[in-house]
Amino acid sequence: MDAERAKLTKLAADDRALSRQLASAKELDLDKRRALVDAADELERMRIKHQREIVDLEVEAAKHAREAREREEELTVVKEDLDTARETIASLTSTVAQQSGVQVTLNAQIAALQVENSGLRAQLDDLSSAVSIGALEYADAQRKIEQLENEAREAEMVRRKLHNMVQELKGNIRVFCRVRPERSAPADLTFPDKEDHREIVVSSTSLNAMGQERKETYNFAFDRVFEPEATQSDVYEEISLLAQSCVDGYNVCIFAYGQTGSGKSFTMEGGSTEAMVGMIPRAVDDVFRAAEALRNKGWEYKMEGQFLEIYNETINDLLGKGEFDKKKHEIKHEKQGGTITTRVTDVNVLPLSTPREVASLLRLANSRRTVAATLMNERSSRSHSVFTLRVSGYNAHTGTRCEGCLNLVDLAGSERLNASGAAGDKDRLRETQNINRSLSALGDVIAALGEKGVEKGSEKHVPYRNSKLTYLLQNSLSGNSKTLMILNLSPLAAHLGESLTSLRFATKVNNTTIGTARKQVRGSG
């Protein structure tokens, strides 16, 4: 029993020893496996590294191979260039040899040309001397020509000024005649006075009662006659001194007269381009320019403007508010000191500081002016328009004040009733009758002034009140203004009758004595 127990004990001890050995062997096996895995990993890393190195070496080898090919190609190109250069050198060597012979020939030619050049230089010096003398003579001739031209211009200006002075001393209303351009069916108009441009001759042919042709010729003379090709600038040049007169303290009145379609509105207001600018904007520009020029002499000027129309013997304010001026306006002639000023009640008088403001004022007024179609023109002004620019100046150095007034009048068409075609239209009929009545009143005033001028000291009544037009222009017609009438003529043969009527009326105006304009200047106090 004890022996068996001892055996069991020994067996148990051996079993435990074997278990320990087994565990130790397993642990050793596990370590070896780990080492084997680590070795396999290290081997894989080395393999990958080796493959990468192989790839890099292959890339490097390919690069070296490519570079080698490029070098071989470059070497081939260099060899070809070298061969080409050798051929070029050989060719140039041959050319140089040829050029050497040519150079010898050219040197001989150059020597010959230098000799010829010396001769030409001598000739050139002679010519230059002659040209210098000619230039001096030409410059001297040019100076003489300029001197003569200046003298001629000055003489012309003196002639014009003397002519203006004579007209002012005579007291006449100055009259210009302007003929509108026309290419189709013109009347027989001629202008014989090519020097002073003061005459116009109208010729007409008709049949008498016996059926025989009768030719009639009418001669008219005015202060200036403008032919159809005359420009706006040509016309204004003759009246530009009036703008200065307004700044100097004179009343100035310029009015356009003539039948519908004769160019009155174009003459006064002009067209859209700078060359076609009319008398109104040109005169206004000159008034502002003259006022500015006198600023350094101590003068300060204020400008005010108004724009009226007389339609059917009713005064409308073209600068009024609203679509139609419904106010009743009255004309007042007020005596202040030694001068008479004309004022219209309840009209807008706007202060003006630049010509641009005047241009916008004119556009506003023209958009409101009464127009209609007649047989004479599809757009006919059915009213008289009167633009007034008041100029007041004060000189702080001398204490002197001056007041001038520029009236620019565009009269309605002067054609007779049967020529206007208004008989069948009640409104046009009334308009035409009122227009002709006012123009007839203007003729009556001119006639009365003419009789009064002939009979010195005469107390003859002048019917200014017969129309709103003549009453408004009373100061301009009675001798207190420098007054100019621009007669506009249509050159059409169909309008010849109306043209003759206008020419006769303008002649009557031109022969009328109204007195000499007076300057409106007063001292301080």
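1. Arg-34 and Asp-31 both belong to helix H1, which spans residues 2-170, and they stand 3 residues apart, about one turn of the helix. Helices here are DSSP runs of H or I with at least four residues, strands are runs of E with at least two, and both are numbered from the N terminus. The two residues form a salt bridge whose closest N and O atoms are 2.9 Å apart; the term denotes a side-chain nitrogen of Lys or Arg within 4 Å of a carboxyl oxygen of Asp or Glu. Arg-34 is partly exposed at a relative accessible area of 46%, and Asp-31 is partly exposed at 37%. In this note, buried means under 20% relative accessible area, exposed means over 50%, and partly exposed covers the range in between (1.4 Å probe, protein chains only).

2. On the basis of the values: this is a predicted model, in which local features need pLDDT of at least 70 and side-chain atom pairs count only at pLDDT 80 or more, while totals for chains, interfaces and linings use all residues. Residues are numbered from 1 along each chain as its sequence is written, and side-chain values use heavy atoms, with hydrogens and water left out.

3. Helix H1 also holds Asp-140 and Lys-144, 4 residues apart, about one turn of the helix. These residues form a salt bridge with closest N and O atoms 3.5 Å apart. Asp-140 is partly exposed, with a relative accessible area of 33%, and Lys-144 is likewise partly exposed, with 47%. The pair is part of a network of salt bridges that links Asp-140, Arg-143 and Lys-144.

4. Glu-334 and Arg-343 form a further salt bridge, in which the closest N and O atoms are 2.9 Å apart. Glu-334 is partly exposed at 26% relative accessible area; Arg-343 counts as partly exposed at 36%. Over the whole structure, the search finds 15 salt bridges. Side chains of opposite charge can pair when their charged atoms come close.

5. A nonpolar surface patch is formed by Val-102, Leu-106 and Ile-110, with about 230 Å² of accessible area together. Patches are built from residues with over 30% relative accessible area and no salt bridge, like charges being joined within 9 Å and nonpolar side chains (Val, Leu, Ile, Met, Phe, Trp, Tyr) within 5 Å. The areas come from the Shrake-Rupley method with a 1.4 Å probe, and for residues only the protein chains shown count as cover. Val-102 lies in helix H1 and is partly exposed, with a relative accessible area of 37%.

6. How many disulfides does a search of the whole structure find? The search finds 0, a disulfide being taken as a pair of cysteine sulfur atoms within 2.5 Å. Cys-246 is in no disulfide, and its nearest cysteine sulfur, that of Cys-405, is 6.8 Å away. Cys-405 is in no disulfide either, the nearest cysteine sulfur being that of Cys-246 at 6.8 Å. Cys-246 counts as buried at 0% relative accessibility, and Cys-405 counts as buried at 13%.

7. Pro-186 occupies the loop between strand S1 (174-179) and strand S2 (188-190), and is partly exposed with a relative accessible area of 45%. Pro-186 and Leu-492 are separated by 306 residues in sequence, yet their C-alpha atoms are 4.4 Å apart in space. Neighbours within four places in sequence aside, Pro-186 is in contact (heavy atoms within 4.5 Å) with Pro-491, Leu-492 and Ala-493.

8. Is Ser-385 buried or exposed? Ser-385 is buried, with a relative accessible area of 2%, and lies in strand S14, residues 384-395. Its contacts, leaving aside neighbours within four places in sequence, are with Phe-307, Leu-308, Glu-309, Arg-369, Leu-408, Val-409 and Asp-410.

9. Helix H5 (residues 279-293) has 15 residues and reaches 21 Å from its first C-alpha to its last, close to the 21 Å expected at 1.5 Å a residue. The expected span is 1.5 Å times one less than the number of residues. The buried residues of H5 include Met-279, Ile-280, Val-284, Val-287 and Phe-288, and among them are also Arg-282 and Asp-286.

10. Helix H11 (residues 496-510) also has 15 residues, and its reach of 21 Å from first C-alpha to last is close to the 21 Å expected at 1.5 Å a residue. Its buried residues include Leu-496, Leu-500, Leu-503, Phe-505 and Val-509, as well as Glu-498 and Asn-510.
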